[in-house]
Number of protein chains: 2
Amino acid sequence: MTRDTELAALKSRLQEIDDLHGAAALLHWDQSTYMPAGGAQSRGRQLALLSRLAHDRQSDPAIGHLLDSLSPWAEAQGADSDAAALIRVTRRDFDRATRVPSAFIERLSEHTTATYHAWERARPANDFAAVRPMLEKTVELSRELAAYHPGYANPYDALVDLAEDGMTVAAVRTLFAELRAGLVPLIAAIRSRPEADASCLAGDFPEAAQQAFGENVIRAFGYDYTRGRQDKTAHPYMTKLGRGDVRITTRYDTAYLPDGLFSTLHEAGHAMYEQGIADSLEGTPLFTGTTAGVHESQSRLWENLVGRSLPFWRHWYASLQASFPGELDDVDVDTFYRAINKVIPSLVRTEADEVTYNLHVMLRFDLELAMLEGSLAVADLPEAWRARVQGDLGVTPPDDRNGALQDVHWYGGIVGGAFQSYTLGNIMSAQFFAAARRDLSDLDAQIGAGEFEPLRTWLTANIYRHGRKFTAPEIVERATGAPLSIAPYLAYLNTKYGALYGL
Amino acid sequence: MTRDTELAALKSRLQEIDDLHGAAALLHWDQSTYMPAGGAQSRGRQLALLSRLAHDRQSDPAIGHLLDSLSPWAEAQGADSDAAALIRVTRRDFDRATRVPSAFIERLSEHTTATYHAWERARPANDFAAVRPMLEKTVELSRELAAYHPGYANPYDALVDLAEDGMTVAAVRTLFAELRAGLVPLIAAIRSRPEADASCLAGDFPEAAQQAFGENVIRAFGYDYTRGRQDKTAHPYMTKLGRGDVRITTRYDTAYLPDGLFSTLHEAGHAMYEQGIADSLEGTPLFTGTTAGVHESQSRLWENLVGRSLPFWRHWYASLQASFPGELDDVDVDTFYRAINKVIPSLVRTEADEVTYNLHVMLRFDLELAMLEGSLAVADLPEAWRARVQGDLGVTPPDDRNGALQDVHWYGGIVGGAFQSYTLGNIMSAQFFAAARRDLSDLDAQIGAGEFEPLRTWLTANIYRHGRKFTAPEIVERATGAPLSIAPYLAYLNTKYGALYGL
């Protein structure tokens, strides 16, 4: 085969894998939006089939041979070339797919599916004992999964690396320790001040008006509805069904405004990232956001650094008031701004404010590593959770429902590798935003005028268009000119909340 | 392999094919309901992939070997057994899939896709010349397709047989000639009477009220929403995504009531058929309606024999009036009944009344056979169409848009094999309904009381549950005790329209 023939053969195989993933994404989307209850059984079988077909193709030895043959040519194009990135990233996926035996993947999948269903019952029943043996097994399987990927300094680097290419347990620990040292005094200072009044956020907010307002905002952000759509699900998410089809979902609480509003902005951030990837990468493993952390940096950037900022609301607040006649008439924009940025230690991660949120993430990261390393027995998890929440946040979960049973992650997947990306995303969001502000110079004035195109163009040029070409550390360095650092994030929090709380 | 192992191996292969079809059905459904415009390109690729994967599996020689090996055992179970039907029908599908070269299927698919897009432009532009060369090619390809299936008395039997197992061109011609001989004098007699007043059907009928009323009716019919749902599309249809997931679509014209109402009843008829197939047939080729004609018999039975009957409206009319305040207040049920059953020769098949509808079908069946046999040149089709409509219906299409360019069938698929099933469905619908009336004795009273369970139970027991176990002629014979005949249909039309028009 000539090189062109080999490259075409590789791309054809990758396109097929990508199309199977796209089809599976639609099956998942439909399952959470419109599928009637009766469809569950056949849908599960259809999804398992598509997943197996994709994995068979992903681990086909022919891909390994094509990669071997194409590598010298690709490397000669330079590390920053699309060709080199294609071979590099495809190799990473191929190695991952081939290192883990299919039989193990099936065993893990069956176990996590069963655990998920048990957790769905155990959580409302506050019955940790019912899932404890299954979680113990999950910890074992997670260790086994890590062991299939040898060669890391810390064996659990493998799990972190699966979500966050190029990141290690040690690097996360260092970043988190530094961040913690900055957050604890900030939270203490805020707690010493009078509590913000967020009562204006509760009221009567009809769903249709929430939907229309949210849509107006994210259209202005640049979310392209000709290449996407928005539906309702129990848990909001973003999904990519193919080039030109990147969908988001939202849920609405008609008695409490922030839930639907900020989840809309959040998912639109994820979606604009996917919509902004260069079309030339379509059908390859490069045609998606690079890591969970960088993805989260974009959802959090649009949700928080833009959507919970004062310039943003100076522009949009009148429209929000008009959307809900009688609800916010007597509330001025500054009061509203204080309400949506109220800092208060709480029990539930997904409802936490920007400042305390990261302490929720850190405790999960530390506890899951302790379980993996064997220094924390699964049986002792609920108590360890309670002690840590009490120590970190000064509140105590009255039950495991709001404690160790709170998040789906450990019960719907493996233990390890997922949580760090939430805080990495927050850290990166501020570093990216600071770089955009530096390059655009009048970013705040643009946001205050409802103009988001300069920001989205900057993000597209520096982050979105590259897809998976670069790792998170690489993309941070390229986009901001500096290595990943907590400094911009702490500066952002200190400035914003210093002003809000008169510190 | 033991017989059990062979049977399990066969069923596992068939289940996989069925799951690929189910996934593809969802991709099609989404394409016509919710997919953003930008998704078209990747969706087309995903569908082509799933179709190829299903065809590869369908024509895998291993299936042929399993069928060979299992046949003696299956035949020993008796022709009416599930086992014998499974082997018989799977063999039919396997032979069909293997007889036609993959390269031809791809060529045909590419050609019909291109023709469809050309027709989408040519129809509104009334430009038959623009699609003429493509239609000529379609005729050639349709002949070639028929030639891959040798051994029929008439070469085009193969095309009829693809849609209508066990039916031949000669049998259709005989039935159609008899039916025509009965329809022509009936239509002439109706035309000699004063025209019915259907003006009450035009008005202001809000979509939400149409949707709610239609849903109430089809829930009462027995369409199970826990195993289905209803959405809006440009062209209504029914689709099965898996056991427990049989969806219908509808469109609404807010200025004209019948469009949305009767298409809802029609598609619900198709859907109840699929919902009523025995679960034990799941994952096999038996788990679907047996032929296009029998399917149409069920959509037409619920739409027309039930939904356009006087007992039905004596029960539902008050609820319909209440659904559209001010629209039907001064219209009594007899006037409404006459309006929805108005007979008037017209140009468009899909808008035709029950009586003239079949003449539309017959002209298409005759013209497509003439094209296939070479006695009608494609270039002469528009004129032949106009002459036939003038002769049969006494009206003349002012343009090809409402003539030879009217239906999608020849432009989105092959020429031949599709149209006969519409009229076969009408014929069978009356024969089935007469048998149900005989067996249930008080069927009309039940319908007049809004009770549909006895009818649906009868249809399930006699037709639905069997899926594809029996051919259309077999199922008619089993369900009604007589071979397929036009007599019940003509009796139904003569009685109903005799009363309506005082003949």
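User: What is the relative accessible area of A:D82?

Analyst: This is a predicted model, in which local features need pLDDT of at least 70 and side-chain atom pairs pLDDT 80 or more, while totals for chains, interfaces and linings use all residues. Residues are numbered from 1 along each chain as written, chains are lettered from A and ligands numbered from 1 in written order, and side-chain values use heavy atoms, without hydrogens and water. Buried means under 20% relative accessible area, exposed over 50%, and partly exposed in between (1.4 Å probe, protein chains only). A:D82 is partly exposed, and its value is 37%.

User: How many residues apart in sequence are the parts that A:K469 and A:D82 tie together?

Analyst: These two form a salt bridge with the closest N and O atoms 2.7 Å apart; the term means a side-chain nitrogen of Lys or Arg within 4 Å of a carboxyl oxygen of Asp or Glu. A:D82 lies in helix α4 of chain A and A:K469 in the loop between α19 and α20; helices (H or I, at least four residues) and strands (E, at least two) are DSSP runs, numbered from the N terminus. The sequence separation is therefore 387 residues.

User: Which residue of chain B forms a salt bridge with A:D30?

Analyst: A:D30 is in helix α1 of chain A, and its partner is in strand β3 of chain B. A:D30 counts as buried, at 0% relative accessibility. The closest N and O atoms are 2.7 Å apart, and the partner is B:R247.

User: How many salt bridges does the rule find across the interface of chain A and chain B?

Analyst: One of them joins B:R45 and A:E282, at 3.2 Å from N to O. For the interface the count is 10.
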